[in-house]
Amino acid sequence: MQIGDLVRLKKGLNFAPESRDILGIIIDKHQIASASTEHHGIKEQYQVNIITSNKTAWYIDDSLELVNESRGFGKT
């Protein structure tokens with residue numbers, strides 16, 4: 001996933017109710033170190049601007065699914 005991509009929050013998570021699709025645009029990303037008992041290493045974290053509420057929040061890559069790739073916005 002890249003900056004400018006349209007994403008959906010995966011359903012079944014605390015912040016994504018089963019009854020709605022929550023869509024947003026990735027506006028920033030960075031890597032974070034993961035030290036959980038299940039996964040060690042580097043994970044991607046994405047800042048997503050939620051379309052319906054015009055609010056931004058950071059989500060790890062496991063909580064997002066790609067809906068549509070951008071057409072070059074934000075890519076270098």
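Q: How much of the contact total in this predicted model comes from residues 24 or more positions apart?
A: The share is 43%, taken over the contacts in the protein with a separation of 6 or more.

Q: What pattern does the protein follow along the sequence?
A: The pattern is β-β-β-β-β. There are five strands and zero helices.

Q: How many of the 76 residues count as buried, in percent?
A: The buried part is 28%. The accessible surface of the protein is about 5,200 Å², and carbon and sulfur atoms hold 49% of that surface.

Q: Which residues make up the largest nonpolar core?
A: Nine residues do: Val7, Leu9, Ile22, Ile26, Tyr46, Val48, Ile50, Tyr59 and Leu64. E3 gives the most, with three residues.

Q: Why is Gln47 called buried?
A: Its relative accessible area is 18%. The cut-off for buried is under 20%. Gln47 therefore counts as buried.

Q: Where is Gln47, and what is Gln47 in contact with beyond its neighbours within four places in sequence?
A: Gln47 sits in strand E3. Beyond those neighbours, Gln47 is in contact with Ile25, Ile26, Ile27, Asp28, Thr56, Ala57 and Trp58.

Q: Why is Gly41 called partly exposed?
A: Gly41, also in strand E3, has a relative accessible area of 33%. The C-alpha atom of Gly41 is 9.9 Å from that of Gln31, ten residues apart along the chain.

Q: What makes Ser63 buried or exposed?
A: Ser63 has a relative accessible area of 7%. Buried means under 20%, so Ser63 is buried. Ser63 lies in the loop between strand E4 (55–60) and strand E5 (64–68). A polar atom of the Ser63 side chain is 2.8 Å from the backbone oxygen of Ile60.

Q: How many salt bridges does the structure hold?
A: There are three.

Q: What makes the pair of Glu65 and Arg8 a salt bridge?
A: Their side chains meet at 3.2 Å, N to O. The limit is within 4 Å. The pair therefore qualifies. Glu65 is in strand E5 and Arg8 in strand E1, 57 residues apart, so the pair links distant parts of the chain.

Q: What does the salt bridge of Lys43 and Asp62 tie together?
A: The closest N and O atoms of this pair are 2.8 Å apart. Lys43 lies in strand E3 and Asp62 in the loop between E4 and E5, so parts 19 residues apart in sequence are tied together. Lys43, Asp61 and Asp62 are linked in a network of salt bridges.

Q: Why is Lys43 called buried?
A: Lys43 has 17% relative accessibility. The cut-off is under 20%, so Lys43 is buried. Asp62, at 40%, is partly exposed.

Note on methods
Residues numbered from 1 in each chain as written. Predicted model: local features only at pLDDT ≥ 70, side-chain atom pairs only at ≥ 80, totals over all residues. Heavy atoms only, no water. Core = buried A, V, L, I, M, F, W, Y, C linked by side-chain atoms within 4.5 Å. Buried < 20%, exposed > 50% of the residue type's maximum accessible area, 1.4 Å probe, protein only. Helix = DSSP H or I, 4+ residues; strand = E, 2+ residues; numbered from the N terminus. Contact = heavy atoms within 4.5 Å. Areas by Shrake-Rupley, 256 points an atom, 1.4 Å probe, with all protein chains shown as cover. Polar contact = N/O pair within 3.5 Å; in protein donor to acceptor, adjacent residues only side chain to side chain.
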